[in-house]
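Subject: The structure we talked about

Hi,

Here is the structure I promised you. Have a look at it first, and then read my notes below.

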Amino acid sequence: MDNKPISILLVDADAVSRNYLTVSLTEKGFTVTPCASGKEGMIIAWRDHPNVILLDPSLTDISGPELIARLRQDRRTSSLPLVALGHQDHPAEKDSLMSAGCNEYVLKSGLTLQTLMDVIPRVIKAEESAANKGKLIAFLSAKGGTGTSSLCANIAMSLANQKTDKKVAVIDLVLPIGSIADIVGYRDSLNLVTVAAMPPEQRTPAFFKDNLPHILNWNFNLLAGAPNPELANHLSGERIGDIVRMIADAYDYICVDLGRSLSRISMPIIQSADIVALILGTELATANLTLTVWEYLKNQGVDPSRMYAIQNRAVGLEGLTKAEVEKQIGLPIRMTLSYMGDNFTVANNRHEPIMTRFPNNSAALSLKEIGLQMAEIQKARSV
C-alpha cells in the first residue's frame, strides 16, 4: 500500500456504536466513512472502493449475509476485505456470514478496537496477496454436445504454448463423470474426488504445485474429474471452492471445465472468474438455452465484459450464423471455430491437441488466437 491513510467503510445501524467506532478509528489514523443502512453501504462501496468494509449485520433494510453476497457478486467489490462485527458468540451467525464471503468475524466488546487494529492490516495484506493469484477462466455451456471440455483443454494448451513462462492448470468439475482425462489420455488415480477426500491441511498450494500431473504434449497440469458416478456421489461439494483457491495460488492460469452446470458449486466460481468462456453451437435451441443462461448470469452480477462467447462450428456445419447467434443471445461472439468434419473427433480419440494433430486447419489457428486474446485480456486487467 502507499502512504495514504487506510480507508474504511463502516456500515452500522446503531448510532452509538457507529459514532464510537468512527471517532476511535479516525483517531488511529484511518479515514472512516460511516453509514447506517445496507443499501447506502453498497452504493458507497461500489462508488469509492474503500480498503476495507466493517459491517454490523444487524441492519433494518437488508440482512447481513445478503449484503455480503451482493458485494461479492459485483466485480467492483468481489475481493474487497470485509469484516463482520457480531454481537454474540453465535456459531450459526458466524458460519452464515463467513459462508456469504466475509473475511473475518469480530465480536463487539471492550476489546473490539484493539482487535480491529490487528485484523484490518491482516485482511488488507491478504487481499493484496490475492490480487497476485492465478487468473481463472471458467468454461461452460447451456447444452451438452457443444465441445466445451475439448475446447477447455485445447485453449489451456494454447495458453501454455504462448505463455511459456507461466504455469497452466486445468480443473475438470463436470459431474457426475469428468471428460478431460479421456480427451488428454490421463489414467492415473489422482482426481477431484481423491483430492477432496484429503485432510484440509494437506490440500495446500505447494501440494497442487508439486503433485498435479503434467500432461505430456498438452503442456498443462490437470486435476481430473470424477472417474465414475459412484465416486462422484461421495464428493464433498463444500470443499471444491477451497480446492480451486489453492490451485489458483499455485498456477498462473486456471481453466475450469464446468460443463452445463449452474449450481451452488459452480456459481461462486463463475462469479469470481476473470473470463467466462461461454460455448455454444449453431442450433437455434442451443442459442435459446444460452440466452436463458446469460440472463441468469447477469441477474447474478456477472459483468458482460468478462464474457467470452465462442461459437463452435467444429461440431456442426448447419445452423445459425454468427450474426444470428449474436442477435439471439445479446452477446458478441468473440470467435467462431470452423467446421472440422471428423477431425475434431479424431484428435480427441487420439488424445492429441487439435493444434498438434491438424496444425494448418483454420480451427487450430482460431484456437491459437483465442489463447492469445485471453492472455491479452488478463494482461490488460492486471495493469
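This is a predicted model: local features need pLDDT of at least 70, side-chain atom pairs count only at pLDDT 80 or more; totals for chains, interfaces and linings use all residues.

Residues are numbered from 1 along each chain as its sequence is written, and side-chain values use heavy atoms, with hydrogens and water left out.

Helices (H or I, at least four residues) and strands (E, at least two) are DSSP runs, numbered from the N terminus. Two strands pair if DSSP finds at least two bridges between them. Angles run from 0 to 180 degrees between N-to-C directions, with axes fitted as lines to C-alpha atoms, for helices over the stretch in contact. Contact, or touching, means heavy atoms within 4.5 Å.

Strand β4 (residues 82–86) pairs with β5 in the parallel sense over four bridges, and the bridge partner of Ala84 in β5 is Tyr105. Strands β1 (residues 7–11) and β2 (residues 31–35) are parallel too, paired over five bridges; Ile8 has Val32 in β2 as its bridge partner. Together with helix α1 (residues 15–27), β1 and β2 make a right-handed β-α-β unit (right-handed means that, with the strands pointing away from the viewer, the path from the first strand over the helix to the second runs clockwise).

The eight-stranded sheet

There is also an open sheet of eight strands, in the order β8-β9-β7-β10-β6-β11-β12-β13, with mixed pairing. β8 (214–215) and β13 (333–337) stand at the edges with a single partner strand each, so one side of each has no neighbour in the sheet. Strand β12 (residues 307–312) pairs with β13 in the parallel sense over four bridges, and Asn312 stands opposite Leu337 in β13. Helix α11 (residues 240–250) packs on the sheet and touches β6 (135–141), β7 (168–172), β9 (220–223) and β10 (253–259); its direction makes about 170 degrees with that of β7. Helix α13 (residues 284–299) packs on the sheet as well, touching β6, β11 (275–280) and β12, with its direction at about 160 degrees to that of β11.

Gln311 is buried, with a relative accessible area of 0% (buried means under 20%, exposed over 50%, partly exposed in between, with a 1.4 Å probe and protein chains only). Not counting residues up to four places away in sequence, Gln311 touches several residues, including Leu280, Thr321 and Met335.

Cysteines

How many disulfides does a search of the whole structure find? The search finds zero, where a disulfide is a pair of cysteine sulfur atoms within 2.5 Å. For Cys102, the closest cysteine sulfur is in Cys35, 15 Å away and so too far for a bond. For Cys255, the closest is in Cys152, at 5.3 Å, which is also too far for a bond. Cys102 is buried at 6% relative accessibility, and Cys255 is buried at 0%.

Backbone details

Leu175 and Pro176 are joined by a cis peptide bond, with omega about 10 degrees. You will find Pro176 in the loop between β7 and α7 (180–184). Asn217, in the loop between β8 and β9, is not a glycine, yet has a positive phi of about 75 degrees; it is exposed, at 52% relative accessibility. His351 is not a glycine either, and has a positive phi of about 60 degrees. His351 lies in the loop between α15 (343–349) and α16 (354–357) and is partly exposed, with a relative accessible area of 29%.

Enjoy exploring!
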